[in-house]
Amino acid sequence: MSSIKPLVFSGVQPTGNLHLGNYLGALRKFVALQESHECIYCVVDLHSITAQLVHEDLAEQTRSITAAFLASGIDPAKHIVFNQSRVPQHAELAWIFNCVARIGWMNRMTQFKDKAGKDRENASLGLLAYPSLMAADILVYRATHVPVGEDQKQHLELTRDIAAKFNHDFASRIETLGVGEPIQMGEETVNGFFPLTEPLIEGPATRVMSLRDGTKKMSKSDPSDLSRINLTDDGDAIAKKIRKAKTDPEPLPSEMDGLKARPEAANLVGIYAALADLTSEQVIAEFGGQQFSVFKPALADLAVEKLAPVSAEMRRISEDRAYVDQVLRDGGERAGALAEATMKQVREIVGFLAG
Ligand code: TYM
């Protein structure tokens, strides 16, 4: 019997405002998974210093993401909510994974290439090693399922590669120490220590695009605030941004195929579908043939109905700093105990002298 139980882990960086992409691509899925799984949700503050070292408001941003988790409906008593830097085992396992992973694997990461830009030699070593820390976040709990948006898919594939290489390189130590578990690798079952984590990337909003340019991802770093709906926006701001969203002059198509060359229309349909818990097909069945002058107000009403309560709750929770800090302290203690149990075995597997 495997002692690796189904466990969900995911993380969000405390940099900038959370937006509709984060909410639909990640947070809402975090909330839904609580019903069926044990879940660990982490504010990844160690990751946030890889691109920019100094943040005047790192602690405040960490509280704000935590408030967004709680306002969306994550239950910190039943599940675990904490900030990464409280549990040093993440960084410890990341160091070991830095020695498992190859530089070539890191160099191929599109997020690294995008963030490092032209001057790669001048990017921090942390930015290059970022996916190794991400693998450690997940595997220090031997988590089996990771809900994320489409942009994190490549990092999760790398997490599987790191787990597989660790299992392979230490196979005989894992065997001798008797700490292996049956791990499914394609058709084969092997004896390994780390599971091969499954990414959970499903539904109509795995890649929410900018409201100003349907070919660009909605992102915290876009200079135009009109490009995104922030979780802190009030009803008026949400409605205005949808009214001003870029579209084309055609009515909505009656078939899904008609969305193919229309990225802005496809994006708004996907957003509507995700907010209403429908598929894009169902939205097209309802609004096909209608002008944007009809669809946009319907979308604005739906977005305000679904998001305004989250943003109001986020403001309310943010005012109670002591409560937010207590959630993170308590979550950190529980996460730390689980992480230490894994690391005790990892230290033995690697062969460090302890005791
Ligand atoms: P981050 O903080 O950039 O984003 C948090 C989550 O939001 C998703 N997301 C989107 N989904 C749909 N459409 C969008 N436009 C959009 N933009 C962002 C992201 O995919 C993510 O799920 N590296 C991660 C944080 C991380 C992590 C982890 C995640 C660190 N360790 C371990 C999972 C497991 C990141 O920077 O996410």
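Tutor: Let's begin inside: the largest cavity has a volume of about 40 Å³. Keep in mind as we go that this is a predicted model.

Student: How many cavities of 30 Å³ or more does the structure hold?

Tutor: Here is the general idea: rolling a probe the size of a water molecule over the atoms shows where empty space is left. In this structure, one cavity reaches 30 Å³ or more.

Student: Which residues line the largest cavity?

Tutor: Its lining is made by M109, Q111, F112, K115, L127, Y130, P131 and H155. Two elements each give two or more residues to that lining, namely α6 (110-116) and α7 (125-139). Sorted by class, the lining residues are five nonpolar, two polar and one charged.

Student: What about pockets? How much space lies in the second largest pocket?

Tutor: That pocket holds about 360 Å³ of space. Its lining counts 19 residues, and those nearest the centre are K5, L7, E38, Y141 and L338. The elements contributing two or more residues there are β2 (38-43) and α14 (321-350).

Student: Which element gives the largest share of that lining?

Tutor: Helix α14 does, with five residues.

Student: Now for helix packing. At what angle do the axes of α1 and α11 cross?

Tutor: Helix α1 covers residues 20-33 and helix α11 covers residues 263-276; their axes cross at roughly 45° and come within 11 Å. To put a word to such an angle, recall that 35 to 65 degrees falls between roughly parallel and roughly perpendicular, in the oblique class. The pair α1 and α11 is therefore oblique. The crossing of α1 past α11 is left-handed.

Student: Which residues of α1 and α11 meet?

Tutor: From α1 come L20, L24 and R28, and from α11 come I271, A274 and L275. By class, this contact has five nonpolar residues, no polar ones and one charged residue.

Student: How far apart are the axes of α1 and α3?

Tutor: They lie 9 Å apart, and α1 packs against helix α3 (residues 58-72) at an angle of about 60°. These two helices are therefore oblique to each other as well. Is the crossing left-handed or right-handed? For α1 and α3 it is right-handed.

Student: What residues make up that contact?

Tutor: Look for Y23, L27, F30 and V31 on α1, which meet A68, F69 and S72 on α3. The contact of α1 with α3 divides into six nonpolar residues, one polar and no charged.

Student: Where should I look next on α3?

Tutor: Follow α3 to helix α13 (residues 292-319): the two pack at an angle of about 130°, with axes 8 Å apart. They are therefore oblique to each other, and α3 passes α13 in a right-handed crossing. On the α3 side the contact uses S64, A67, A68, L70, A71 and S72, while α13 brings V310, E313, M314, I317 and S318. Its classes are seven nonpolar, three polar and one charged.

Terms used:
Residues are numbered from 1 along each chain as its sequence is written. This is a predicted model: local features need pLDDT of at least 70, side-chain atom pairs count only at pLDDT 80 or more; totals for chains, interfaces and linings use all residues. Side-chain values use heavy atoms; hydrogens and water are left out. Axes are lines fitted to C-alpha atoms, for helices over the stretch in contact, and angles run from 0 to 180 degrees between N-to-C directions. Helices (H or I, at least four residues) and strands (E, at least two) are DSSP runs, numbered from the N terminus. Angles under 35 degrees count as roughly parallel, over 145 as roughly antiparallel, 65 to 115 as roughly perpendicular and the rest as oblique. A crossing is left-handed if the near helix is turned anticlockwise from the far one by less than a right angle, and right-handed if clockwise. Contact means heavy atoms within 4.5 Å. Ala, Val, Leu, Ile, Met, Phe, Trp, Tyr, Cys and Pro count as nonpolar, Asp, Glu, Lys and Arg as charged, and the others, Gly among them, as polar. On a 1 Å grid over the protein atoms alone, a cavity is a set of points where a 1.4 Å probe fits but cannot get out, and a pocket is an open set with protein on both sides within 12 Å along at least five of seven lines; lining residues have an atom within 4 Å of a point. Grid points are joined across faces, edges and corners, and a volume is the space filled by probe spheres set on the points.
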